[in-house]
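I opened the model to look up a few things and kept notes as I went.

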Amino acid sequence: KFFTTDHTARIHNPVGTTSIRLEVTTELILISSLAVRNLERAVSQTNLMLQDIVFAPLATATSVLSKRQLETGVMLMDLGAATTELAVFEEGQLMHAAVIPIGSQLLTNDIAIGVRTTLEIAEQLKRTVGTALSNDVKAAEVIRLRDFDPDDHDTIKRRELADIIQARLDELYSKVTDELRALDRDGRLPAGVVLTGNGSRLAGLIDYTKATLKLPAT
(Lines give C-alpha, C1' and ligand atoms only; values in the text may rest on other atoms or scores of the structure.)
Protein backbone atom coordinates (compact mmCIF):
# COMPACT_ATOMS: atom_id res chain seq x y z
CA LYS A 1 0.00 0.00 0.00
CA PHE A 2 1.02 3.64 -0.38
CA PHE A 3 -0.35 7.07 0.43
CA THR A 4 -0.85 10.25 -1.59
CA THR A 5 -0.87 13.71 -0.05
CA ASP A 6 -1.58 17.10 -1.68
CA HIS A 7 1.32 17.11 -4.11
CA THR A 8 3.24 13.91 -3.37
CA ALA A 9 2.38 10.39 -4.55
CA ARG A 10 3.53 6.94 -3.44
CA ILE A 11 4.45 7.78 0.15
CA HIS A 12 4.83 4.66 2.25
CA ASN A 13 4.70 6.45 5.61
CA PRO A 14 2.91 9.84 5.72
CA VAL A 15 3.31 10.31 9.46
CA GLY A 16 4.77 13.75 10.17
CA THR A 17 3.77 15.33 6.83
CA THR A 18 1.36 18.27 6.55
CA SER A 19 -1.39 18.23 3.94
CA ILE A 20 -5.07 18.89 3.37
CA ARG A 21 -5.80 15.72 1.45
CA LEU A 22 -4.69 12.18 2.28
CA GLU A 23 -5.46 9.21 0.03
CA VAL A 24 -4.51 5.58 0.35
CA THR A 25 -4.07 2.90 -2.30
CA THR A 26 -4.22 -0.57 -0.82
CA GLU A 27 -4.87 -4.20 -1.74
CA LEU A 28 -7.93 -5.83 -0.18
CA ILE A 29 -7.82 -9.59 0.37
CA LEU A 30 -11.27 -11.03 0.98
CA ILE A 31 -12.30 -14.39 2.41
CA SER A 32 -15.64 -16.01 3.10
CA SER A 33 -16.77 -15.40 6.68
CA LEU A 34 -18.04 -19.00 6.75
CA ALA A 35 -14.56 -20.28 5.86
CA VAL A 36 -13.08 -18.18 8.66
CA ARG A 37 -15.56 -19.53 11.20
CA ASN A 38 -14.91 -23.11 10.12
CA LEU A 39 -11.16 -22.55 10.44
CA GLU A 40 -11.53 -20.99 13.88
CA ARG A 41 -13.73 -23.89 15.00
CA ALA A 42 -11.29 -26.51 13.68
CA VAL A 43 -8.36 -24.87 15.47
CA SER A 44 -10.24 -24.46 18.75
CA GLN A 45 -11.16 -28.15 18.75
CA THR A 46 -7.45 -29.01 18.87
CA ASN A 47 -7.09 -26.97 22.09
CA LEU A 48 -4.93 -24.44 20.28
CA MET A 49 -5.48 -20.69 20.30
CA LEU A 50 -5.76 -18.92 16.95
CA GLN A 51 -3.71 -15.73 17.12
CA ASP A 52 -4.26 -14.40 13.61
CA ILE A 53 -5.24 -15.36 10.05
CA VAL A 54 -2.76 -14.45 7.31
CA PHE A 55 -3.02 -14.75 3.53
CA ALA A 56 -0.71 -17.69 2.79
CA PRO A 57 1.55 -15.99 0.18
CA LEU A 58 2.23 -13.15 2.63
CA ALA A 59 3.37 -15.65 5.24
CA THR A 60 5.48 -17.51 2.68
CA ALA A 61 7.03 -14.27 1.43
CA THR A 62 8.47 -13.47 4.85
CA SER A 63 10.50 -16.68 4.76
CA VAL A 64 11.54 -17.05 1.10
CA LEU A 65 11.85 -13.54 -0.35
CA SER A 66 14.80 -11.27 0.33
CA LYS A 67 14.52 -7.57 1.05
CA ARG A 68 16.18 -6.82 -2.27
CA GLN A 69 13.62 -8.91 -4.16
CA LEU A 70 10.75 -7.18 -2.37
CA GLU A 71 12.16 -3.77 -3.22
CA THR A 72 13.04 -4.32 -6.89
CA GLY A 73 9.88 -6.19 -7.89
CA VAL A 74 9.06 -9.88 -7.58
CA MET A 75 6.13 -12.27 -7.86
CA LEU A 76 5.64 -15.14 -5.45
CA MET A 77 3.78 -17.98 -7.15
CA ASP A 78 2.55 -20.61 -4.71
CA LEU A 79 1.34 -23.73 -6.51
CA GLY A 80 -0.93 -25.59 -4.13
CA ALA A 81 -3.14 -28.62 -4.67
CA ALA A 82 -6.38 -26.81 -5.47
CA THR A 83 -5.27 -23.26 -6.27
CA THR A 84 -2.30 -21.18 -7.34
CA GLU A 85 -1.81 -18.05 -5.28
CA LEU A 86 0.05 -14.98 -6.54
CA ALA A 87 1.57 -12.10 -4.62
CA VAL A 88 3.38 -9.29 -6.45
CA PHE A 89 5.69 -7.06 -4.42
CA GLU A 90 7.38 -3.80 -5.33
CA GLU A 91 9.17 -1.18 -3.24
CA GLY A 92 8.81 -3.49 -0.27
CA GLN A 93 5.02 -3.47 -0.45
CA LEU A 94 2.36 -5.91 -1.60
CA MET A 95 1.26 -4.56 -4.97
CA HIS A 96 -1.25 -7.21 -6.02
CA ALA A 97 -2.60 -10.59 -4.90
CA ALA A 98 -4.70 -13.15 -6.73
CA VAL A 99 -5.94 -16.73 -6.38
CA ILE A 100 -6.28 -18.81 -9.55
CA PRO A 101 -8.48 -21.94 -9.21
CA ILE A 102 -5.95 -24.21 -10.91
CA GLY A 103 -3.59 -26.27 -8.77
CA SER A 104 -1.32 -29.27 -9.06
CA GLN A 105 -4.18 -31.67 -8.29
CA LEU A 106 -5.75 -30.75 -11.63
CA LEU A 107 -2.56 -31.95 -13.33
CA THR A 108 -2.96 -35.27 -11.53
CA ASN A 109 -6.64 -35.47 -12.54
CA ASP A 110 -5.75 -34.80 -16.19
CA ILE A 111 -3.11 -37.52 -16.15
CA ALA A 112 -5.51 -40.02 -14.58
CA ILE A 113 -8.06 -39.34 -17.32
CA GLY A 114 -5.57 -39.22 -20.18
CA VAL A 115 -3.67 -42.35 -19.17
CA ARG A 116 -6.76 -44.14 -17.80
CA THR A 117 -5.24 -44.92 -14.45
CA THR A 118 -5.91 -44.23 -10.80
CA LEU A 119 -5.24 -40.91 -9.11
CA GLU A 120 -2.55 -42.55 -7.00
CA ILE A 121 -0.66 -43.84 -10.06
CA ALA A 122 -1.22 -40.53 -11.86
CA GLU A 123 0.41 -38.67 -8.95
CA GLN A 124 3.41 -41.01 -9.10
CA LEU A 125 3.73 -40.50 -12.85
CA LYS A 126 3.65 -36.73 -12.42
CA ARG A 127 6.28 -36.75 -9.70
CA THR A 128 8.72 -39.28 -11.15
CA VAL A 129 8.55 -39.04 -14.95
CA GLY A 130 6.40 -35.97 -15.56
CA THR A 131 7.87 -32.76 -16.97
CA ALA A 132 6.66 -29.30 -17.93
CA LEU A 133 8.76 -29.33 -21.12
CA SER A 134 7.29 -31.73 -23.66
CA ASN A 135 9.70 -30.64 -26.40
CA ASP A 136 12.64 -31.84 -24.30
CA VAL A 137 11.28 -35.41 -24.24
CA LYS A 138 12.50 -37.79 -26.91
CA ALA A 139 9.74 -39.23 -29.05
CA ALA A 140 11.01 -42.77 -28.42
CA GLU A 141 10.80 -42.59 -24.60
CA VAL A 142 8.25 -45.09 -23.29
CA ILE A 143 6.79 -45.50 -19.80
CA ARG A 144 5.79 -48.97 -18.66
CA LEU A 145 2.82 -48.60 -16.36
CA ARG A 146 3.58 -51.91 -14.68
CA ASP A 147 6.55 -50.14 -13.06
CA PHE A 148 3.92 -48.25 -11.08
CA ASP A 149 1.08 -50.77 -11.03
CA PRO A 150 1.90 -54.51 -11.39
CA ASP A 151 -1.57 -55.17 -12.80
CA ASP A 152 -1.29 -52.62 -15.62
CA HIS A 153 0.62 -53.90 -18.65
CA ASP A 154 0.03 -50.88 -20.90
CA THR A 155 2.71 -48.48 -22.07
CA ILE A 156 2.52 -44.78 -22.87
CA LYS A 157 4.83 -42.35 -24.59
CA ARG A 158 6.49 -40.01 -22.11
CA ARG A 159 5.87 -37.13 -24.49
CA GLU A 160 2.13 -37.85 -24.31
CA LEU A 161 2.34 -37.50 -20.53
CA ALA A 162 4.27 -34.25 -20.90
CA ASP A 163 1.68 -32.93 -23.39
CA ILE A 164 -1.09 -33.57 -20.86
CA ILE A 165 0.81 -31.68 -18.18
CA GLN A 166 1.80 -28.81 -20.44
CA ALA A 167 -1.77 -28.28 -21.67
CA ARG A 168 -2.95 -27.53 -18.13
CA LEU A 169 0.13 -25.43 -17.39
CA ASP A 170 -0.56 -23.37 -20.52
CA GLU A 171 -4.02 -22.60 -19.14
CA LEU A 172 -2.65 -21.66 -15.72
CA TYR A 173 0.16 -19.47 -17.02
CA SER A 174 -2.19 -17.71 -19.43
CA LYS A 175 -4.15 -16.53 -16.39
CA VAL A 176 -0.95 -15.55 -14.59
CA THR A 177 0.07 -13.50 -17.63
CA ASP A 178 -3.33 -11.78 -17.60
CA GLU A 179 -2.77 -10.77 -13.97
CA LEU A 180 0.65 -9.30 -14.79
CA ARG A 181 -0.66 -7.45 -17.85
CA ALA A 182 -3.41 -5.88 -15.77
CA LEU A 183 -0.64 -4.51 -13.52
CA ASP A 184 1.50 -3.46 -16.50
CA ARG A 185 4.20 -5.78 -15.14
CA ASP A 186 4.20 -8.44 -17.86
CA GLY A 187 7.89 -9.25 -18.28
CA ARG A 188 8.77 -6.28 -16.08
CA LEU A 189 9.65 -7.67 -12.65
CA PRO A 190 13.44 -7.43 -12.19
CA ALA A 191 13.58 -10.07 -9.44
CA GLY A 192 11.36 -12.38 -11.48
CA VAL A 193 9.22 -15.20 -10.13
CA VAL A 194 9.80 -17.30 -7.03
CA LEU A 195 7.98 -20.64 -7.19
CA THR A 196 6.82 -22.28 -3.97
CA GLY A 197 4.34 -24.96 -2.96
CA ASN A 198 4.25 -28.67 -3.59
CA GLY A 199 3.40 -28.19 -7.26
CA SER A 200 6.65 -26.30 -7.86
CA ARG A 201 8.58 -29.59 -7.65
CA LEU A 202 7.50 -30.57 -11.16
CA ALA A 203 10.53 -31.22 -13.36
CA GLY A 204 11.22 -28.49 -15.90
CA LEU A 205 8.82 -26.02 -14.29
CA ILE A 206 11.45 -23.33 -13.67
CA ASP A 207 12.57 -23.35 -17.31
CA TYR A 208 8.94 -23.41 -18.43
CA THR A 209 8.22 -20.39 -16.24
CA LYS A 210 11.19 -18.46 -17.63
CA ALA A 211 10.15 -19.15 -21.21
CA THR A 212 6.46 -18.50 -20.72
CA LEU A 213 6.49 -15.42 -18.48
CA LYS A 214 9.72 -13.97 -19.94
CA LEU A 215 11.03 -13.45 -16.40
CA PRO A 216 13.81 -14.88 -14.22
CA ALA A 217 12.53 -17.78 -12.11
CA THR A 218 13.74 -19.77 -9.12
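I called a residue buried under 20% relative accessible area, exposed over 50% and partly exposed in between, using a 1.4 Å probe and protein chains only. The model is predicted, so I kept to pLDDT of at least 70 for local features and 80 or more for side-chain atom pairs, while totals for chains, interfaces and linings use all residues. Residues are numbered from 1 along each chain as its sequence is written, and side-chain values use heavy atoms, with hydrogens and water left out.

Entry on aromatic rings. I paired rings of Phe, Tyr and Trp (its six-membered ring) with centres within 6.5 Å, calling planes under 30 degrees apart stacked, over 60 edge-to-face and the rest tilted. I found 1 aromatic pair. The ring centres of Y173 and Y208 are 5.0 Å apart and the planes stand at 90°, so I logged the pair as edge-to-face. Y173 sits in helix α6 (residues 158–182) and Y208 in helix α7 (residues 205–213), so the pair ties together parts 35 residues apart in sequence. Helices here are DSSP runs (H or I, at least four residues), numbered from the N terminus. Y173 is buried at 1% relative accessibility, and Y208 is buried at 4%.

Entry on K210. I found K210 in helix α7. At 38% relative accessibility, I put K210 down as partly exposed. Leaving out residues up to four places away in sequence, K210 touches L215, P216 and A217; contact means heavy atoms within 4.5 Å. I also checked K210 against T72: they are 138 residues apart in sequence and 18 Å apart in space, C-alpha to C-alpha.

Technical notes. Helix = DSSP H or I, 4+ residues; strand = E, 2+ residues; numbered from the N terminus.
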